[in-house]
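Visitor: Could you walk me through the side-chain contacts in this one?

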Amino acid sequence: MPPSSARQRGPASTARPSTTSARQSSRPTSTLPVYQPLANPLNPTAQHALHSLPTTHPLNDLKQRLQIATNHLNEVTGDLNDHYQAKKADHNKRKSEKAARPRDLESSQTPDQDDDGADGRLDEAWKEVEDLTGKMEAQTRRVIDIQARVQNTETVLKELNANVNN
């Protein structure tokens, strides 16, 4: 079979009309309305107020406070995890030192019982660290979302300032 015959279509496929062109032609075309001047244009005082809006109500303080909040949340989260890691290292060090010491036969409490209690406290501390870290990460995401909204607000104010006379 030659390659050209593989590309030939049967009579049924050539007789069908294209549905794409029918769909495109049936869509209504939307035209924009003719521009109409403002019914109530802004007076010069209102225009000046809009122009001065970014200077009379700057968002720099808010942006700075949000950045400080992000930094504090990140710092506290890091400190919390660092503190846990230090406690865990201290616990492991004590555990290995106890294992290296000869056991005192007169002791009423075996080293295994003491280690089990410390291991349990360490596990509880880890659960608390995970919980607090999750909460702080959620708050950090919330602050970042607010920072994005502030940035969008600044953009809108700049566009408004540029188009106040239109």
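Guide: What follows covers the nonpolar core, the aromatic pair and a salt bridge. This is a predicted model, in which local features need pLDDT of at least 70 and side-chain atom pairs count only at pLDDT 80 or more, while totals for chains, interfaces and linings use all residues. Residues are numbered from 1 along each chain as its sequence is written, and side-chain values use heavy atoms, with hydrogens and water left out.

Visitor: Which residues make up the largest nonpolar core?

Guide: Seven residues do: L59, L66, L73, M136, V143, V150 and L157. Such a core is a set of buried Ala, Val, Leu, Ile, Met, Phe, Trp, Tyr and Cys residues joined through side-chain atoms within 4.5 Å, where buried means under 20% relative accessible area, exposed over 50% and partly exposed in between, with a 1.4 Å probe and protein chains only.

Visitor: And which helix gives the most to this core?

Guide: Helix 6 does, with four residues; helices are DSSP runs of H or I, at least four residues long, numbered from the N terminus.

Visitor: New topic: how is the aromatic pair arranged, stacked or tilted?

Guide: Y84 and W126 are tilted, at 4.9 Å centre to centre and 40 degrees between the planes. Rings of Phe, Tyr and Trp (its six-membered ring) pair if their centres lie within 6.5 Å, and planes under 30 degrees apart count as stacked, over 60 as edge-to-face and the rest as tilted.

Visitor: What does K63 form a salt bridge with?

Guide: K63 pairs with E154, the closest N and O atoms being 3.2 Å apart; a salt bridge needs a side-chain nitrogen of Lys or Arg within 4 Å of a carboxyl oxygen of Asp or Glu. K63 is in helix 5 and E154 in helix 6, 91 residues apart.

Visitor: Is E154 buried or exposed?

Guide: E154 is buried, at 15% relative accessible area, whereas K63 is partly exposed at 33%.

Key:
Helix = DSSP H or I, 4+ residues; strand = E, 2+ residues; numbered from the N terminus.
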